[in-house]
Amino acid sequence: MRPQATRVYFPAPICDACQQRAACTVAPAGHGRSITLHPQERLLQALRADMRTPDGRARLRERVRIEHSLARLDRIQGGRARYKGARKNTLDVRRCAAVANLEQTARLKTAA
C-alpha cells in the first residue's frame, strides 16, 4: 500500500492575511488554500539539496552520460524486447551496444 499524500489547508482569514498570497495563488480573496505534499517530500528536498553541491553535480553529470547512452540503445533497439527469453535478448542488447559504439567511433573520426 502506498503512503498517502499530506494535504494542508489554510482557511481564508489566514490566507488573505499572508504577504505571499499574490505569489501563492490567483484565487479571489475570501477563498482558502490547500497544498498537497508528496509522501516522500523530505527525501525529495534532500535529493534536490544534494544536487546543488559539487559532488551532487558531478554525480548528475555522470548520470546524464549513462542516460544518453541508454537513449542511443533505445533508438537502435526500440523500447520493447524483440525476442522471447533472456538469453536472446541479452545477445540483442549486446549487438545494439556494439552498433552504438561503432556509431560513436565514426562520429569521433569525422569530428577529428
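The backbone nitrogen of Ala 27 lies 3.1 Å from a polar atom of the Thr 25 side chain, a polar contact (a pair of N or O atoms within 3.5 Å; within protein, one must be able to donate a hydrogen and the other to accept it, and residues adjacent in sequence count only if both atoms are side-chain atoms). Thr 25 sits in the loop between α2 (21-24) and β2 (33-37). The model is predicted: local features need pLDDT of at least 70 and side-chain atom pairs count only at pLDDT 80 or more, while totals for chains, interfaces and linings use all residues. Residues are numbered from 1 along each chain as its sequence is written, and side-chain values use heavy atoms, with hydrogens and water left out.

**Fold and overall form**
- The protein chain contains five helices and two strands, in the sequence order β-α-α-β-α-α-α; helices (H or I, at least four residues) and strands (E, at least two) are DSSP runs, numbered from the N terminus.
- The radius of gyration of the protein chain is 24 Å, well over the 13 Å that the globule rule gives for 112 residues, so the chain is more spread out than a compact globule. This radius is taken over C-alpha atoms, and the rule is 2.2 Å times the number of residues to the power 0.38.
- Along its principal axes, the C-alpha trace spans about 65 × 40 × 25 Å.

**Burial and surface**
- Of the 112 residues in the protein chain, 10% are buried (under 20% relative accessible area; exposed is over 50%, partly exposed in between; 1.4 Å probe, protein chains only).
- Thr 25 is buried, at 16% relative accessible area.
- The protein chain exposes about 9,700 Å², with carbon and sulfur atoms supplying 58% of it (Shrake-Rupley method, 1.4 Å probe).

**Strand β2: Ser 34**
- Ser 34 lies in strand β2 and is partly exposed, with a relative accessible area of 30%.
- Leaving aside neighbours within four places in sequence, Ser 34 is in contact with Arg 7, Val 8 and Tyr 9 (heavy atoms within 4.5 Å).
- Ser 34 and Phe 10 are 24 residues apart in sequence, and their C-alpha atoms are 6.0 Å apart.

**Helix α4: Arg 72**
- Arg 72 belongs to helix α4 (residues 54-77) and counts as partly exposed at 24% relative accessibility.
- Not counting residues up to four places away in sequence, Arg 72 touches Gln 104 and Arg 107.
- Arg 72 and Glu 103 are separated by 31 residues in sequence and by 9.8 Å in space, C-alpha to C-alpha.
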